[in-house]
Amino acid sequence: MPIEEVRVCGTVQGVGFRPIVYRLAKVCGLKGDVCNDGEGVLIRVSGNEEEITVFINKLYLECPPLAKINEVKRSPYFGEFDFDGFVISPSVNSVVKTEISADAATCPQCQKDIFDPFSRYFRYPFTNCTHCGPRLSIIRAIPYDRNNTSMVNFPMCKECEKEYKNVENRRFHAQPVACHVCGPRAWLERADGKPVISDMFSMLDDVDAVCTLLQKGEIVAIKGLGGFHLACDATLENAVLKLRNRKQRYHKPLALMARDIDIISEYCYINDLEKQLLTSPAAPIVLLKVKTDKQLPSSIAPGQNTLGFMLPYTPLHHLILRRMNHPIVLTSGNISDEPQCIDNEDAKNKLSKIADYFLLHNRDIVNRLDDSVVRVIDNQIQTLRRARGYAPAPIPLPPGFEKIPPILAMGSELKNTFCLLREGKAILSQHLGDLENATAFNAYQETLNLYLNLFAHKPEIIAIDKHPEYLSSKLGKELATANQIPLYQIQHHHAHIAACMAENQISLNTKPVLGIAFDGLGYGEDGQLWGGEFILADYHDFQRLATFKPISMIGGEQAIYQPWRNTYSQLINAFTWEEIKKKYSELEIIKLLENKNPKLLNQIIEKGINSPLTSSVGRLFDAVAAAIGICPEKCSYEGQAAIEMEALADVNILNNDEETLNYTFKFEKSDNIYYIDTSSTWRQILNDINQHTSSSEIAAKFHKSLAIAVVTMVKQIRQEHEFHQVALTGGVFQNRILLKQVKMGLEKSEIKVLTHSIVPANDGGLSLGQAVIAAAKYLK
């Protein structure tokens with residue numbers, strides 16, 4: 001009887017794959033064994049060719065829910081083989097090429113177990129099986145075995161070991177399997193250190209007590225799967241405001257969790273795809289349109305018309321929310337701008353002035369994971385933050401990238417991720433936050449080291465952003481020098497476009513696409529700050545064809561958080577200050593700017609004192625928002641003014657096909673580059689404000705007019721350059737209105753539009769673009 005070696009590559013460890021192999025081999029009458037190793041799953045099997053083929057076809061058909069088969073390779077086996085039946089053999093250590101699956105939300109069977117009084121898992125907050133539970137958050141090394149996770153500290157009891165070894169049980173080789181007897185435990189503490197008096201609660205245990213505390217208006221810090229969260233009752237305005245004030249997070253929307261879909265649907269509209277996302281194993285936060293008939297306190301998401309909801313994704317959350325008939329706030333447990341706390345003592349030190357109580361547990365979090373954030377636009381998923389539930393699932397690269405050396409791309413400064421590239425796949429890290437914060441940068445370095453070790457990734461090329469002050473770029477230079485390997489510096493917006501191309505499977509040697517990259521800012525080839533770019537690009541190179549006329553960012557980075565600075569720069573580009581005062585002195589925005597010392601501001605602009613030029617569309621949005629009264633003085637988070645303006649825009653005007661109602665943009669050409677000049681736009685906007693046109697109408701007209709200008713510019717460029725696809729990328733294209741309007745306009749002209757889905761359009765996707773450009777340059 002012939003003997004074959006069957007190599008299965010993909011996400012096949014820790015997901016119940018070997019039990020399926022075992023069961024199907026028995027059904028097909030095969031002899032041999034199956035084991036985990038560094039490359040995935042290795043099967044040695046004896047049988048005739050037809051039986052083995054049937055067996056492999058069944059593997060594809062009956063693949064476990066969390067598993068993903070990328071490739072099955074068959075070859076003759078000539079080694080030692082002495083099997084009377086089929087068995088599961090111990091894991092083998094070898095060169096690491098396998099994938100690590102993402103943490104998965106509690107499956108329906110485990111949910112049933114924790115609420116079944118006759119189950120030994122009744123009310124156990126760490127119940128899991130091979131179909132759900134922690135993965136990346138607890139892993140320290142490959143292969144994914146218990147001794148390589150933070151569960152190594154919890155030896156299994158006899159009952160758990162029995163289930164763990166029973167191939168017919170869904171907990172067979174579920175590495176985090178545990179119960180009340182042998183596993184991690186959760187307990188409640190007061191933030192002030194005083195003992196918790198249990199008889200003050202009507203409760204079953206400390207986890208159930210959290211529900212009572214929340215209902216009483218308390219703030220509880222909860223240690224979850226990938227970090228701590230801060231929770232309060234979302235229907236209690238005082239509790240929400242107390243949380244905001246203590247955390248010093250005054251305006252940024254707060255995430256919500258509800259027990260079930262029915263509760264969420266009381267407050268938001270949910271379509272089929274949004275429901276599918278909410279109930280998926282990834283269980284992300286999904287941005288949903290708010291209903292007007294039943295509303296939560298406005299302090300949950302000030303100035304927004306969406307709410308970010310998620311469902312419970314661990315038994316701990318399910319148990320807390322069992323008696324909660326309305327939503328809770330569940331926001332990251334951190335001091336503002338710092339990463340989530342993951343350690344008990346660190347959390348108590350940092351969060352004791354925010355939380356009233358702590359729900360702690362003693363299972364270590366190895367890898368910090370924020371909640372992922374997604375939304376649905378035109379029935380397509382748009383990922384805003386890729387983290388828990390999605391990372392580190394590999395992203396297949398387009399044709400042409402199969403034979404590449406190991407590459408490490410360091411990502412950006414804000415919304416950072418890094419990327420490992422090898423053998424036709426990209427492994428994008430989870431969202432790591434803004435590296436300008438020292439704690440976040442330390443966490444970035446720790447996570448990078450963990451990934452490099454987990455995946456045994458020894459980069460032969462390092463790719464960085466060209467911005468000389470990005471901490472990720474500086475670290476990349478140090479690593480390249482220390483390891484004596486090539487360093488590629490990648491232009492920011494070229495990387496955005498390449499990321500969009502890669503996730504849309506545009507092949508390596510494709511003809512250039514026109515990339516439209518709109519964002520806050522990125523370091524340009526000319527030393528200026530770009531952010532409103534029309535770029536003809538492939539993976540190897542790019543050509544800047546059009547941009548917005550550069551405007552001064554008065555005060556540099558201060559302009560990101562003080563929108564009036566952008567408004568002043570835009571206005572002084574369109575008028576003299578004397579003209580503005582003569583025509584518009586009664587407008588609130590002009591009164592505000594008059595108090596900012598225009599004479600001094602003009603001198604600052606003329607002399608270029610901390611006022612770099614930028615073509616940023618993000619800053620243009622801020623300028624318009626401030627002009628119509630949205631956050632003119634100060635934003636508490638980046639993009640707040642633009643996000644609130646999107647929410648304010650009048651839907652009726654957006655649906656009106658008449659273009660004569662809109663604002664006009666002027667096109668100029670200099671040195672073979674088109675410039676979009678906003679001067680005429682601002683005259684029309686101020687006239688509208690002067691005539692008491694509503695802010696919602698102006699917001700809608702601006703969105704629509706900008707989209708028309710973009711489409712018009714694309715048509716102009718198309719007359720001079722050949723391209724058949726347009727890629728929309730950069731953080732500004734997370735704006736639902738702009739994305740839909742531009743996409744619709746381009747598709748009317750029969751231009752294929754590429755957008756982001758699995759990778760964020762913002763800087764969270766930048767490292768993927770850096771990596772594929774570096775690969776293309778190497779292969780050229």
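**View 1. The largest nonpolar core of this predicted model has 74 residues.** F518, F534 and W682 are the residues with the most contacts inside this core. Helix α23, spanning residues 695-718, gives the most to the core, with twelve residues. In soluble globular proteins, nonpolar side chains tend to be buried together.

**View 2. Surroundings of W682, one of the residues with the most contacts inside the largest core.** Residues up to four places away in sequence are not counted here. W682 touches T567, Q570, L571, A574 and F575, among others. Its contacts also include L620, A623, V624 and A627.

**View 3. A second, separate nonpolar core has 73 residues.** Among them are L408, F441, L448 and L454.

**View 4. A cis peptide bond links A391 to P392.** Omega is near 5°. P392 sits in the loop between β15 (380-385) and β16 (395-396). Most peptide bonds are trans.

**View 5. A456 has a positive phi although it is not a glycine.** The angle is about 45°. A456 belongs to the loop that runs between α11 (438-454) and β20 (461-465). Its relative accessible area is 40%, so A456 is partly exposed. Most residues other than glycine have a negative phi.

**View 6. N672 also has a positive phi without being a glycine.** Here phi is about 65°. The loop holding N672 lies between β27 (666-670) and β28 (673-677). N672 counts as exposed because its relative accessibility is 62%, and the cut-off for exposed is over 50%.

Key: Residues are numbered from 1 along each chain as its sequence is written. This is a predicted model: local features need pLDDT of at least 70, side-chain atom pairs count only at pLDDT 80 or more; totals for chains, interfaces and linings use all residues. Side-chain values use heavy atoms; hydrogens and water are left out. Helices (H or I, at least four residues) and strands (E, at least two) are DSSP runs, numbered from the N terminus. Buried means under 20% relative accessible area, exposed over 50%, partly exposed in between (1.4 Å probe, protein chains only). A nonpolar core is a set of buried Ala, Val, Leu, Ile, Met, Phe, Trp, Tyr and Cys residues joined through side-chain atoms within 4.5 Å. Contact means heavy atoms within 4.5 Å.
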